[in-house]
Amino acid sequence: MTTQAQQDMLAKVKNEVGFIAALDQSGGSTPKALKLYGVDESAYANDEEMFTCVHDMRTRIMTSPAFTGERVLGAILFENTLDREVEGLSSAHYLWQQKNVVPFLKVDKGLEDEANGVQLMKPMPGLDDLLAKANAQSVFGTKMRSVVKLANEAGINALVAQQFAVGKQILAAGLVPIIEPEVDINSPEKAKAEALLKAAILAELNALSDDQHVMLKLTLPESANFYKECIEHPKVIKVVALSGGYSRDVANQKLSENNGMIASFSRALTEGVSFQQSDEEFNKTLDNAIEGIYQASKT
């Protein structure tokens, strides 16, 4: 990637108002995303057809007049989307060149089984190759998710250590990692888990070198402005929030109470849009969703 494009993308993410669209449902979550969109499993016979269906859905979102860099800072893509085209351009190039939306790539390979109250990321043996591919497509950053279920200090420390270790590999490849240690919104120990998580994140942030900067993607916290120290940390470019299963209205309300935190919603973004809608209906529904999330992200 040219340094200029990278600098322009960094300036946009850092300084402009807006949010990040999470368009990165992968193998396991794609059937559910398609079903919510109104495309039943009978519409595809195999994975390839399923991914074509979901690419059609994402293309409809990305090409919508409602979806532009004025309100959408960035979009997170799944590797399969990166390999496909939108209106004759590779997906990542289309986002940046046509929409002024910064492209990110989901790089994790899913979650391990729960142990010590957390789900770590599965190994990523092909990560360097994937990062090289991302660089070739002018992708700005990456995203990887692990999940905290319980307030287990050893588990949370191991999870955060894993996120930052992989984050440093991503930084070394010239990309910006979005570190995503999600806290399950249904955890019976959510507030306590968040306290342990914040302490572990701050310790890792403080250990980064001067030229290492990351983004964080966190569950909307139990108490407003809980992640203030993370938002203001000199090593953090932006803190984004995941909707985590909250409805869009609830997620927007919680987000608006957290100053400086912006949205990176997936299901909450596409809530209400469907395959059956006319383009006019679809674009109007998407426009309303984008506007609501944008306003909540402005606080």
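**Exercise 1. A network of charges**

Glu79, Asp83, Lys109 and Lys133 are linked in a network of salt bridges (a salt bridge being a side-chain nitrogen of Lys or Arg within 4 Å of a carboxyl oxygen of Asp or Glu). Before you dig in: this is a predicted model, where local features need pLDDT of at least 70, side-chain atom pairs count only at pLDDT 80 or more, and totals for chains, interfaces and linings use all residues. Residues are numbered from 1 along each chain as its sequence is written, and side-chain values use heavy atoms, with hydrogens and water left out.

Task: work out which parts of the chain glutamate 79 and lysine 109 tie together, and do likewise for aspartate 83 and lysine 133.

Solution. 

Step 1. Start with the general idea: side chains of opposite charge can pair when their charged atoms come close.

Step 2. Take glutamate 79 and lysine 109, whose closest N and O atoms are 3.5 Å apart in their salt bridge. Glutamate 79 sits in helix H4 (residues 79–82) and lysine 109 in the loop between strand S5 (102–106) and strand S6 (118–119), so this pair ties together parts 30 residues apart in sequence. Helices (H or I, at least four residues) and strands (E, at least two) are DSSP runs, numbered from the N terminus.

Step 3. Glutamate 79 is partly exposed at a relative accessible area of 21%, and lysine 109 is partly exposed at 45%. The cut-offs: buried means under 20% relative accessible area, exposed over 50%, partly exposed in between (1.4 Å probe, protein chains only).

Step 4. Now the other pair: aspartate 83 and lysine 133 meet in a salt bridge at 2.8 Å, N to O. Aspartate 83 lies in the loop between H4 and strand S3 (85–86) and lysine 133 in helix H6 (residues 127–136), so parts 50 residues apart in sequence get tied together. Aspartate 83 is partly exposed at 48% relative accessibility, and lysine 133 is partly exposed at 26%.

**Exercise 2. Strands S7 and S8**

Task: find out how S7 and S8 run relative to each other, and how many residues of S8 are buried.

Solution. 

Step 1. S7 and S8 run parallel, joined by 8 bridges; two strands pair if DSSP finds at least two bridges between them.

Step 2. Look up some partners. Glycine 141 stands opposite valine 176 in S8, and valine 147 stands opposite glutamate 182.

Step 3. Count the burial. In S8, 8 of the 8 residues are buried, so the strand is largely enclosed by the rest of the structure. S7 is mostly covered, with 7 of its 8 residues buried.

Step 4. Sort the side chains of S8. In a regular strand the side chains alternate between the two faces of the sheet. Here Val176, Ile178, Glu180 and Glu182 point one way, Pro177, Ile179, Pro181 and Val183 the other, and all are buried.

Step 5. Glutamate 182 pairs with arginine 145, with closest N and O atoms 2.6 Å apart. Glutamate 182 belongs to S8 (residues 176–183) and arginine 145 to S7 (residues 141–148), 37 residues apart. Glutamate 182 counts as buried at 10% relative accessibility, while arginine 145 is partly exposed at 29%.

Step 6. Follow S7 to its other partners. S5 pairs with S7 in the parallel sense over 3 bridges, with lysine 106 partnered by lysine 143 in S7. S6 pairs with S7 in the antiparallel sense over 2 bridges, and there glutamine 119 has valine 147 as its bridge partner.
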